[in-house]
Every structure is written in C-alpha cells, then in structure tokens.
Amino acid sequence: MADDRFLLSVLVNNEAGVLTRVSGLFARRSFNIDSLSVGETDDPHISRINIAANGDDNFKDQVVLQLSKLHDVKVVELMDLSKTVTRELMLIKVMADLESRNQIFQAVEVFRAKVIDLAADSLSVEITGEPSKLNAFIEYLRPFGIAELCRTGVTAIGRGNYILSQIKNREED
Amino acid sequence: MKLTGAQILVETLIEQGVDTVFGYPGGSVLHIYDELYKSCGRIRHIITCHEQGAAHAADGYARATGKTGVVIATSGPGATNLVTGIATAYLDSTPMVAFTGNVARALIGKDSFQEVDICGITMPITKHNYIVKDIGRLADIIREAFEIANSGRPGPVLIDIPKDIQAAETDFEHKPPAEKAPGRKPSDKSIANAVELIARSKKPFIYAGGGVVNSGASKELVEFAEALGAPVGTSMMGLTAMEYDHPLFLGMTGMHGRYAASKVMSLSDLIIAVGTRFSDRATGNKTEFSRDRKILHIDIDPAEIGKNIPAYVSLVGDVKEILGRLLAEKIKPSSKAWRNEVAELKNAPDNHLGMAEGKLTPEAFIKAVKARMPYEGIVATDVGQHQLWTAQYYHFRRPRSLITSGGLGTMGFGMGSAIGACIGSGDVKTVLFTSDGSFHMNMNEMATAASYRLPLVIAVLNNNALGMVRQWQTIFYECRYSNTTLNRKTDFVAAAKAFGIEGLLCDSLEKMPEVLDAAFACEGPVLVEVKIDSDEKVLPMIPPGGTIHDIILKG
C-alpha cells in the first residue's frame, strides 16, 4: 500500500464552504483521505489544501480530474514526492512518572522534538517532521501510555523554483 | 440605477435571455414574486402544483430547447422539494439555474421557520451553488451561474438568496451576456492518433450518447458514420442523435438494447464512443466490454475519460467540433465484409421480438401514437417498463424529441418534464408515456396542464403493477412479488376529469384507433388510460453486469 501513497496540493478560493466541497467530493466518490491540512496563503483570497491519500494511477487521475471540475478549485497538483518537502506537526501528551521521564527526554532529544508542558505525571511534546518520523515517535512512546495525541496532517511545498500558483492546469491532453 | 435584490434578479434573468420560469411562491420569495408581478409579463411564470414538478419542468424545458431552464422555490420545504429535480438534471447534464429564497441573514443558522441549508444539501448534485450574502455580488453571481450551467458539460447551478438580500438595494447596470468561454480542444497530435486508430480498425462501431444531443452534433455524427461506413448504436440518452430509419442506425445498446446493437458492438474491434460516460446500464460487464477491442473516447468532460472504461485514445472537447475535425481528415470507409456482417445482424430474427399480435400491447399502442405525431412533436416518459418500450418502439426522428430521465431514473419525472418541454417548444403536440406506478407519484401536475391548456396527451400504460421491479422479481426473485402487484382502485379517466382535463379509456386493440383519434383531436390536455397485461416484459434484457452471451430474448 505504501507505494500507492500520493499527495495533492490544491489552491482554492478562500470562501466559506470550499473545504466542504472538496472533502464532500472525496466522500461522494468513495475516495479515502489519509490526512488533509488547509490554510490561507500569502494571497488572502486563496487557500491551500494538502491532501494525502492512497490509490492506484487510475484512482489518482480521477481524483485530480474531479477536483479540477469544482468551480472554486484553481490548481490541482499531484506532487512529485521526490521533489517535495513534506512536514507534519504533532502534539502528544504522554504519561511520565519520575522513572520513565528520563527515557522520554532522551527520545525527545533524539527525535528533535520539544517538551512544551510538564505536569506531575505527564508531559506534552511538540514534534515536526515527515509523517514516518512522527509514526516512529508514537511507537516509541506507546509503552509509556499516550494520554492524548493530535496531528495537523501533512503539509508540503515543492523544492527549488517549483511554484504551485504558477502552474496552469493542463489544457491539452 | 438603484435596484432591490428582487429587481436585480428579474433584470439579470432578462439580460440572460430568459423569458419563462417555473416555480412556486412562498414566504421567503415574496419579494421576488412581487417583482415578477410588477414586471408585467416580461418574464412568464409557470406555476406548478409542487416544486418537484417545477424543477422537472425547467429540466424538460431545457432538454427540449437547449436553453437554460430556470426554477424558483421558497426556502425550507420549497427548496428540498427541488432536490430530486436538480439531481435528475445533474445526472443527465441539463443546464438549469435554480433560485431558492432563504430566511433573512440574521436568522440563518438559528433553525428558523422554513430554514434549511440548501447549499449544503445540493452540493453533490450541482455544478456549483451559491448563497448570496452581499447584495453587491448578486448580479454577477447570477451571470456566473448561467455561464457555469452552460459551459463545458452542462448542469444545474443553485443560488440561495436570503430574504433581506432580495429587499436590499444597490446600484445595477445591465451587462451583455458573457460570451461562451472557449472550452478545451484536442491537440492536432491527438486528432492524428485518433485518425490512425480509426484507420487501423477493421470493425469500427460508433456508440453515441447524450453528449451528441447536447452538443447539437447529430448532423456531424451522421456524416461521420456515413464516411466511415460504421454502424451506430446509442445509449438511451443518445437515442435521438440519429434518425431511426437511417441504414447505419442499429438502435439502443445496453441492458434493454436492441439485439443487433449489442451484438455488433460485441463483435467490433474499435468503439468510437461519442459524448457518453459509459453508464453501467449501457455497458454491462465492464471488463468484457473493453476486452478484445479498443476504445476511442470523445467527450467534453475530461473526468469521464477512464472513469468507467479505459480509453485507448481520448479526445476532450466539444463533440460537434471534434467530429467536424475528424471529418476533415481522410477517412477510409470500413470493409465491405464488416458492413455485410452488420447488415446481416441488423436483419437477424432476434431483432424482431415484437409483442403478441391481435391484442392491446405497449408496442401496438406506442406505434399507433407515433403514427399520429407531427415531426415536431415531443415525447416525454416517466421511468420503468413504459420508458424502455418507448425507447425501443417509438423510433425517433429528430434530436431533442425524447425527454426521459436516464441517469437518475426518476419516477415522477414525466408530468413536470412534459409540461416544461411542451411550453418551451411553443406548445407543440407532446405525448407523455407514463404508467400507473410513475403517474401516481406526480399526477397532481394534471392541474398545471389543465390551467395552461397544454396540448398534452398523457398515456397511462396501466398494468396494475410496478412493472419493471415486478419483472426483476419474476426473473431474479422467483416470482415473489413483494409490493409490486398493486391493483389500486384509481379510476384514471375519472381522475383526469376531476382535474379538468379530458379522460379516455383504451381497453382493447379494436377501440385503440378511435380513442387515439379522439385524443389527438383534443386541443388541450387529455389522458388516455391504456389497459395492458401485468406480465408484459421489457425484452431483450442483458442482466446487470452481463454480456451479450447472457441476453434474455424470451419472457
């Protein structure tokens, strides 16, 4: 399945209901979303949605073509994962008594995470990275007892001079 | 010039060339209806009995004329009653703009009286929809809605206008209607690829869909088929794309298609699919459909390429224009051997399944109606057995002369759509083939037909059953007729009279000519109840997911 993973970056009009249109399209066409992140861009009229999903080539094409038909969608790009920087932010609260605390601090250092809150029997950590790194961090912490966890979903940007807003959707076949 | 939102709505509709709208008034559209009243007939408003009927009427109007259908409904239940009509238009790619009133902006989100989120509800069944929250945007939103409804693959757009926006004032200036944005065009290279694919084919088959009708490409389709000497089959939506009597026309393919059309398609080595989306009802088994043959897919919607059936070569753009470009290329006619094989299959006995002679059958009745219809006449149907019988036996002559719900298969579509089509075509003779099942759903619209004195013949093929479902129960459920043998007590002739329209009974083959002559002599609406056998079936039938090898020819 891992080979079927893909990442879409979508520029949309920053208007009420656009996220519903995009996510609704996925639901209606039985497209599964692994993660979705959205936020305003430097142009306040435009938002960028990054969608991580999985499926074969035919499925990918359909997702792109169907998204392109939405009136509020300006650009849909299937990101080339070898030329894209992907990041995800996670906040995680893990149970930590005096005994286990040091081990967790060690992991925080190795994973280049950051402790952001400390309580008598738990601590909260912030970590940024590729989703696989976050997954590894979760697995390491699981035995200590994870109390709470939240992830933002993948966000991505192309390397080098690749600028999404300058891509025109293919007019020719 | 300062105008209110309701005035802007009327002015912008006129700007878009709209002269007829369908609808139903209510609390949240009072401002709009007040302006329609004051506009002194600049826009003709047709009131139906139910918003669903109005939506189907706008749809039928658009299908018959090629213009954009417009429907207006109030908030809440008025808006939700449009939903089936909008979905029907969406599935069959009909250009439509639906206006709904909504409660005032300050009341939105409070579960106010007759408030629903109609934009949320119709998101998956419209090309786009709007809720207008700024009066300054209203005129441009309406203009944009018409453009979206008509550009590329047509479809419905909904505009929800809160009541206070209808009353608010702003500056307004007329703008000429926007020119159609240029759509996608295939590259010369793709055209060359297609031409080469066609040249290499020994057994080409043309499969035409509703896109040919929508694009107005019937003439090009016929010329292309003649140049290539290729047989043509159609989906139900494409049925009027080619005259039935044309020697190359084989009829409808698919689940209830004509034997020759399905058989020739299965023998072909190339399917040239024009303006079609390969519905499951048309393809049957998808793997077998494209096995041993290549597909050249021509459609205006890029998302249809490869969605249901993989294409070997695809051409995305307006079908009329693309066929024109292909015609400009050198196209060699297909081999004589293939044409002979096709001609032989076209005459095969399995094409002439015809129903029993000497009794009143759907076939006999539909053919007798056809014999009385003018060339300009329009046929509408509801959904079920009568719809397929009409598709099989009516033998259409002209594009846009069949108004039927293909994609959504909406029972209850008939009355509204027949009314809209009839009005849109300037009151030409219109026949609705319906049935006791479908007609019971929206027979209220007889009142509309009566009010406007429409030249509408409503043929209710009464088999006392939900025939199509019953047929499936016969074939696939060992004759367990769960809730399909209705034997309702409705007296359709008396019901027609109660609604103020003529009612006639046709219960035998002997009476049929006289009854039909009388029906066609009526200037206004008339209902003919036609008594038919409950066990009459739609044949042939290829079971869902099946192939030509599974075809059922006998009941």
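In this predicted model, helix α5(B) is followed by S93(B), a residue with a positive phi, near 55 degrees. The helix itself, residues 83-91 of chain B, is mostly covered, with 7 of its 9 residues buried.

**Helix α5(B)**
- The buried residues of α5(B) are T84(B), G85(B), I86(B), A87(B), T88(B), A89(B) and Y90(B).
- Their cover includes the helices α3 (51-65), α6 (118-122) and α19 (413-424) of chain B, together with the strands β5 and β7 (156-162) of that chain.

**Strand β4(B)**
- Strand β2 (residues 20-23) of chain B runs parallel to β4(B), and 2 bridges join them.
- F22(B) has V71(B) as its bridge partner in β4(B).
- Strand β5 (residues 96-102) of chain B also pairs with β4(B) in the parallel sense, over 5 bridges.
- Here V71(B) has A98(B) as its bridge partner in β5(B).

**Nonpolar cores**
- In soluble globular proteins, nonpolar side chains tend to be buried together.
- The largest nonpolar core has 163 residues.
- Those with the most contacts inside this core are A58(B), V71(B), V97(B), I159(B), L221(B), A459(B) and V528(B).
- Neighbours within four places in sequence aside, V528(B) is in contact with V457(B), A459(B), L504(B), C506(B), V515(B) and A519(B).
- Another core lies apart from the largest one and has 18 residues, among them L8(A), V22(A), I51(A) and A52(A).

**Contact between chains A and B**
- Chain A brings 15 residues to the contact, and chain B brings 15 residues.
- On the side of chain A that touches chain B, helices α1 (18-28) and α2 (57-68) of chain A each supply at least two residues.
- Helix α2(A) gives the most to that side, with 5 residues.
- By class, the side of chain A that touches chain B has 7 charged, 7 polar and 1 nonpolar residues.

Definitions and conventions:
Residues are numbered from 1 along each chain as its sequence is written. Chains are lettered from A and ligands numbered from 1 in the order in which they are written. This is a predicted model: local features need pLDDT of at least 70, side-chain atom pairs count only at pLDDT 80 or more; totals for chains, interfaces and linings use all residues. A nonpolar core is a set of buried Ala, Val, Leu, Ile, Met, Phe, Trp, Tyr and Cys residues joined through C-beta atoms within 7 Å. A residue is buried if 20 or more other C-beta atoms lie within 10 Å of its own, exposed if 12 or fewer, and partly exposed in between; C-beta atoms are placed from the backbone. Two residues are in contact if their C-beta atoms, placed from the backbone, lie within 7 Å. Two strands pair if DSSP finds at least two bridges between them. Helices (H or I, at least four residues) and strands (E, at least two) are DSSP runs, numbered from the N terminus. Ala, Val, Leu, Ile, Met, Phe, Trp, Tyr, Cys and Pro count as nonpolar, Asp, Glu, Lys and Arg as charged, and the others, Gly among them, as polar.
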